[in-house]
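Me: I've got a model open and I'd like to learn how to read it. Could you walk me through it, one feature at a time?

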Amino acid sequence: METELVYAATGIALTALGLYALIVRRHMIRRLLAVNIMGAGVFTLFVSLAADVPNGVDPVPQAMVLTGIVVAVSATALGLVLIRRIYASTGSTRLAEEASILDALEGEER
Amino acid sequence: MTPVPWLSAVVLVPLAGALLAGVVSAKRATVVGLCASLATFATCGGLLWRLWSQGPQTEPVGGWSAPLGIELYADGFSALMLAMVALVAIFVSLFSAGYFRGGGSRRTDRHEGFFWSLWLVVWASLNGIFVSGDLFNLYVCMELMGLGSVALIALAGPIALRAAMRYLLVTISGSLLYLLGVALVYGGWGRLDLVILGDVMEATWASEVALAMMTVGLVLKTALVPLHFWLPAAHANAPAPVSAVLSALVVKASFFILVRLWIDVFGVLDTERASMGLATLGAIAIFWGSIQALRQQRLKMLVAYSTVAQIGYLFVAFLPAATVAGAEVAWHGAAYFAIAHGCAKGAMFLSAGAIAARVGSDRFADLRAKGGKIAFPLFTFAVAGIGLMGLPPSGGYTAKWLLLTAAARAEQPLVAIVVTVGGLLAALYVFKVIYYAFAHRRVEPDEQPEASAEIPHVMNWAAFLLALVSVGLGLWSAVPVALLDVGLPFGAPLGVGLKP
């Protein structure tokens, strides 16, 4: 039981770290990485929460996490292509000139 | 003869169309795309007929039942959303056929091939969300829809890339928050099936945290103020048919999941304070979105901010829905609002796209110079505006009337005031656009933006017919409401005295 708790706590910590970085970072690749770290945290938590069954390991969460990883890989690939295109057309690595998502609330006039 | 598996068909038919449109040459993609759209429309009709005649449907895909396999489920709420999506989608497809054939400038053949594939994938995942019976399937369909939408926005070229990137980050992080909730639910109850979960769910800290995480994730994807920051740029800079799809359909899908979770899965939880919070944000959204819409200098930005405002109504309904007296009417009102807004906003973005294609820009300053030449799409915009303002006899009127009834039953006068004032604000920004039909002035030739000579008639007509549908939803509202009550998704049918 303790092992699972360690994994679960790690998962929650990773998710929180990823979410924090997504909000405060400005570089687009850092933000994409932040989403990936968040994903890793959620997957870890998912697997650890479902490990607690009498006869070995529950296969359903493993299958679901595998699907989640496939989705995350495709999303990352799409994100990287977009970042390259944005860099090619504007020379900037930032989503906008605002400091964070919170400042973006006012920055949508264009 | 085995019965037709309609539930999986509404997902598989557009998916097959998407694959086919992706492999044929770009010139044939339009034909394939239109045929696939018609086939999907017909399949949705088949499923609706089955639901209408036999009640709610369940289908274990490939013969594998839950929890190992995927079980699809459809009731009246799914049916209504499927029907709305099919109606809007068929007009979007017709519009696109014209848009990529000369109506939208600077489009290449390659874009056209991509558009049809991606659009059909998004349609398939929308349908998938509406017929999903378990939490994880909802996640997968939601991600598919998000990735497809991001790619569709990016088709508009460099101006839309940043909006697409921001939308990508928003849609993945929203889905991950949702998945976090799914993990907690699975860890606690070991099930994913919506109906079974609803029976075994208990009010513990785990279920409360799970609901909170899923709600935040879905609210982010539905763009409720203050999490709307990504919506205006993404919806306004996308190609015209894509704007219509995003604003009319994609935001409704995450709202659909949210309502499903609140009613079917987490019904036992005490959600009164959370409803209060969501409804307050909804009210702020109505005012903030409308004021921002009035301040915009571009037509498509105005329509996008109008979506921010209209999403507010969907959440204002949560307040009467938390009471015993108002719950059924409030959920009916919210569902009806979702389909009425879907049709009206779809027509609005299509007509805005037709105007922008004819004028060569969607800035109000340029519209003034061309007032007379865009009379037909402006008329369409006005007809769709009737639905947005909630004037009788439109679908928006029926929806707002249901919301007002719910507010009266729950004895919440503030809700009624917000709903009414929101309609007035909508009238202001709709009239700001219609004004340009009468305010055209003579301008110097060099002042004029570069305009395409003519746009295909199919663009104008697709937008106009969809606007007529949004009005028709008010004239013949008894049929959709009866369809909504198949399987009683909201606990009880709409009372006899309340039937529109």
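Reply: Let's start with a term: a salt bridge is a side-chain nitrogen of Lys or Arg within 4 Å of a carboxyl oxygen of Asp or Glu. One case here is Asp362(B) with Arg298(B), whose side chains meet in a salt bridge at 3.0 Å, N to O. That pair links distant parts of the chain, with Asp362(B) in the loop between α14 and α15 (364-369) of chain B and Arg298(B) in the loop between α11 and α12 of chain B, 64 residues apart. Helices (H or I, at least four residues) and strands (E, at least two) are DSSP runs, numbered from the N terminus.

Before we go on, some housekeeping: this is a predicted model, where local features need pLDDT of at least 70 and side-chain atom pairs count only at pLDDT 80 or more, while totals for chains, interfaces and linings use all residues. Residues are numbered from 1 along each chain as its sequence is written, chains are lettered from A and ligands numbered from 1 in the order in which they are written, and side-chain values use heavy atoms, with hydrogens and water left out.

Me: How many salt bridges does a search of the whole structure find over all chains?

Reply: The general idea is that side chains of opposite charge can pair when their charged atoms come close. Here the search turns up four over all chains. In one of them, Asp75(B) meets Arg260(B) at 2.5 Å, N to O. Asp75(B) sits in the loop between β2 (71-74) and α3 (76-103) of chain B, and Arg260(B) in helix α10 (residues 240-265) of chain B, 185 residues apart. Arg260(B) also meets Asp264(B) in a salt bridge, at 3.1 Å, N to O. Through shared partners, Asp75(B), Arg260(B) and Asp264(B) join into one network.

Me: How far apart are Asp264(B) and Arg260(B) in helix α10 of chain B?

Reply: An α-helix has 3.6 residues a turn, so residues three or four places apart point the same way. In this helix, Asp264(B) and Arg260(B) are four residues apart, about one turn.

Me: Is Arg260(B) buried or exposed?

Reply: Go by relative accessible area: buried means under 20%, exposed over 50%, and partly exposed in between (1.4 Å probe, protein chains only). Arg260(B) has 4%, so it is buried. Asp264(B), at 26%, counts as partly exposed. In the other pair we looked at, Asp362(B) counts as buried because its relative accessibility is 8%.

Me: Which residues is Ala347(B) in contact with, leaving aside its neighbours within four places in sequence?

Reply: Contact means heavy atoms within 4.5 Å. By that rule Ala347(B) touches Thr380(B), Ala384(B), Ala463(B), Leu466(B) and Ala467(B), once those neighbours are set aside. Ala347(B) belongs to helix α14 of chain B, and its relative accessible area of 0% makes it buried. Ala463(B) is 116 residues away from Ala347(B) along the chain, yet their C-alpha atoms are separated by 4.9 Å.

Me: What should the 15 residues of helix α17 of chain B span?

Reply: The expected span of a helix is 1.5 Å times one less than its number of residues. For α17 (residues 395-409) of chain B that gives 21 Å, and the end C-alpha atoms are 21 Å apart, so the two agree. Its buried residues include Gly395(B), Leu402(B) and Leu403(B). The buried residues of α17(B) pack against helices including α12, α14 (327-359) and α19 (457-475) of chain B. Just after α17(B), Glu411(B) takes a positive phi of about 55 degrees.

Me: What is the area buried between chain B and chain A?

Reply: The size of an interface is often given as the accessible area lost when the parts come together. Buried area here is the accessible area (1.4 Å probe) that two parts lose on being put together, summed over both. For chain B and chain A it is about 3600 Å², with carbon and sulfur atoms giving 77%. The contact takes 38 residues from chain B and 44 residues from chain A. Across this interface the rule finds zero salt bridges.
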